[in-house]
Amino acid sequence: MRIMPALLILFIAFPAHARDKVLDIEQVTSPGGIKAWLVEDHSVPVIAMQFGFRGVGGALDPVDKQGLSRMLSNTLDEGAGELDSQTFQKELRDLSIGLSFGSDRDDFSGSLKTLSQNKKRAFELTALALTKPRFDEEPVKRMREANQSRIRSSLTDPDWMTARIMNDRAFEGHVYSQNSGGSLSSLEKISPEDLRAFHKNNIGKNNLVVAVSGDMTKEELATTLDNIFGDLPDVKPPAQAPDIALQNAGKVFVFKQDIPQTIVEMMQPGIDRHHPDYQLAQVMNFVLGSSGFGSRLTEEIREKRGLTYGIYSYFIDMKHFDGLQVSTSTETKNTAEMISLVKVEWEKMKNEPISEQELQDAKSYLIGSLPLGLTSTDDIAGLLLSLQMDEMPVDYLEQREDKIKNATAADVQRVAKELLDSNKMITVLTGNPENIAGSVPIEKLPNVE
Amino acid sequence: MQRQSRIAVSLAAALLLAVPLSYAAAKKEAIKEETPVRQKIFNAETFKLDNGLEIVVIPNHRAPVITHMVWYKVGAADEDHGVSGVAHFLEHLMFKGSQGLKPGEFSEKIRSLGGNDNAFTGQDYTAYHQSISVDQLETVMKMEAGRMRGLNPPLEQVVSENKVILEERRQRTDNDPRARFAEQLNAALYINHPYGNPIIGWADEMAALTWDKCKAFYDRWYGPNNAILVVSGDVTGQQVYDLAKKIYGPLKPVPLPERVRAAVPPLEASVTVRLEDETVHQALVQKAFIVPSYHQNAKESLALQVLEELMGGGPTSRLYKALVVEQKIATSAGLSYQGSMWSDGDLDLYASPLPGQKPEDVVTALDEQIRLLIKNGIPEAELSEALTRMQAEAVYARDSLSGPAMIFGYSLASGSTIDDVEYWQYNIAAVTANDILAVAKKYLDPDNAQKRPPVTGYLLPKEKPPETALSAPAEKAAP
């Protein structure tokens, strides 16, 4: 009888049709040479298209104009061609077209979602926004004020403050330490001319990556790609920032706030998504802290001791930095205990192999749960885009599955030993913690005013 | 990163489709005969077991996965006076040991089978849900059925989990002046009504919760005849019915008390809630009204849903256009309506004033937009555009696995019927300009005294004369 659960788990982890593709990804090239990945699904008359421009993120913002890339993402859908802001937005809204843009430190992206019946106009409006944005004074000012309002609102959010300090200290001296959302004063300096120049210099066909899912055929996509993106120019590849090692490792920073809980963020160096051990590190982190209930951090700190509502560890994948971070919060008096409990789990993961049960559970979850995140056209297009932005091969999902399947407890321990080092952690605490030895006070939030 | 969220504080934001709820079931036969070709949004199949368990199945064959949810028709508003938070605490304890499962094993087992699970509590319902490979449906059902009547957490687990919910309250509410403001505004709006208590509970009452109190609540409300099973995904109705009959069928129904919601009495005084806090740097103004839910008045609720789309639906809606684009006195403005309630619904007008604007003037500008609507009416084109947009929501709502399960769950748990959900788009299309003006006049008119006056709220920065507002926290940090 005892063998039954194990067999059951094996069956799930290694289904008979394991060689089936996880997703049926088609690679499409337009007559004009634009490439895209497509997953066709005609069950709902909806099309989701996501696209990105590599290397065009906040890392390109000048220091006195932090938030420039973010502002471009806010204003690109605020009027284009003959259509002013309200006319453009009204047409999107009346046709129920979702068109929006986003920017992070490394990349710029766009997202389009439309009903099939409105696709022609949806594609035209997207092309117009990308190639003929207006950057009129009125919407630029309005978006600047909305961003300033967002920053002022965030000043009541201790999680946000903690993240701001972490970025500032962990990436000290590097462009990643800047506030990619802008500061109150830097946003003031960003003009329509700045946006026009940033757009002209960086949004190009040669940076472009496209992913599509939903009610669209391969043939139709090929012509659509040229219609939407064909008029984009080629641009000079943006200058790249250097890689950066974690700064201020081993230090603890405290930002005093009069709140009942302390927010805790701890970060150490992580592992690149292209590294051969990356999937083993994912297995390790599932057991350590990424899985919520059942993870060692949650079991020891929430379930056994009631010290927090939530504790997670997760990898940070950036172009020039890789991190492994822990986020949690606890009543002020427990702060020191919380930090030492996290470090205990770090040592345990290095010193003993994970159990066979933990290994099997991690494998089953990491492989079996993937389809759960692929149940809408947005989800699928989003995954296709992120794989391409990270320059992963088209069979990445199958490779990932193989690597996870073949992991052993010894492999995981080897990776833990190579990767985990609690002495290299930088820690940021926001709240009123006491008895934190050697902590450095933060006087003022950096790059906010 | 996603944190575990076991409480639906702002449920509306999580939902794809602002669907209604009502007991207009009596009408459905007649409507069906009149228009036999009407298309349903989801084509759900429904069943009922002899023990009273309702079953809704929404087939969706995109991927070999399912979402399995059990909704109990009980929530924070069903708590006795003085034991606020017990519904939500019980929801946490449901993971702490039940028939055949050790504390914590429920979620661990779901993970080990490649699935995700969680739960949340609202004022009118409590829901438990799992998303997992379709071949695990039977396993998941057995586990969920096992804790429908067989909860038995060890005492030490109850004690440590009580600390967890207090940490949850600190994290969600006490650490955040915006959340404390929302909590107090809500308490001022729902006088004498259970919706005035926060779902998570008041801190002192939460700390005093015991297993006995949770057990009493569990025994009173948890049973197959007070639950709705919703399964969405790669299954047929027959498959789910057969399994449910085998697994949930043997559970005995429980004697159920009536759901009571004490009413907000007629009031006279106009109430203002004002919270000034040193950490607030962006003011917020809000005007909250009690209005009918779908369950209370389907026709008025449908009109309020269209009103929400006209006034508050995005960057070209009336309030944003007037206050943000034209008058330039705010950075955001809108109207939100929550009608998916068993008892009273509520409606909020809100705006974030730009620095230098008097908050009171911004409230006046919100009022003025309601006056203009009542005085000038709604142009035909504006209404038909709004109705067209709302029709499209019905199509987008199908592009999801768990979204439709959510919609059926909260709609049925707060008094709606299956047909109310399936034919929502036709009911919305029938709303007229006069319907909308009638509800605006009846409930929102600033020049007419309301039976239950709105509450006006101001969340404001605290003036600190010697320092600029931004450097205040830094000054405090100096040793």
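Start by selecting M71(A), N74(A) and T75(A) in α2(A): they meet P139(A), V140(A), M143(A), R144(A) and N147(A) in α5(A). Contact here is a matter of C-beta atoms, placed from the backbone, lying within 7 Å. Sorted by type, the residues of this contact are four nonpolar, three polar and one charged. In that sorting, Ala, Val, Leu, Ile, Met, Phe, Trp, Tyr, Cys and Pro count as nonpolar, Asp, Glu, Lys and Arg as charged, and the others, Gly among them, as polar.

Before moving on, know that this is a predicted model, where local features need pLDDT of at least 70, side-chain atom pairs count only at pLDDT 80 or more, and totals for chains, interfaces and linings use all residues. Residues are numbered from 1 along each chain as its sequence is written, and chains are lettered from A and ligands numbered from 1 in the order in which they are written.

Now show both helices whole: α2 covers residues 68–75 of chain A and α5 covers residues 137–154, and they pack at about 120° with their axes 10 Å apart. (Axes are lines fitted to C-alpha atoms, for helices over the stretch in contact, and angles run from 0 to 180 degrees between N-to-C directions.) That angle makes α2(A) oblique to α5(A). Helices (H or I, at least four residues) and strands (E, at least two) are DSSP runs, numbered from the N terminus.

Next, colour chain A by domain. The assignment, automatic or from a database, gives domain 1 (26–229) and domain 2 (252–383 + 391–441). Their centres, taken over C-alpha atoms, sit 30 Å apart. Across the boundary, 25 residues of domain 1 of chain A are in contact with 21 of domain 2 of chain A. On the domain 1 side, look for α6(A), which gives the most, with nine residues. That side divides into 14 nonpolar, five polar and six charged residues.

Bring in chain B: 62 of its residues are in contact with 66 residues of chain A.

Last stop: A351(B), in strand β10 (residues 345–353) of chain B. Is A351(B) buried or exposed? A351(B) is buried, because 26 other C-beta atoms lie within 10 Å (20 or more means buried, 12 or fewer exposed, in between partly exposed, with C-beta atoms placed from the backbone). Leaving out residues up to four places away in sequence, A351(B) touches V285(B), L323(B), A330(B), S332(B), A333(B), V362(B) and L366(B).

Note on methods
Angles under 35 degrees count as roughly parallel, over 145 as roughly antiparallel, 65 to 115 as roughly perpendicular and the rest as oblique. Two residues are in contact if their C-beta atoms, placed from the backbone, lie within 7 Å.
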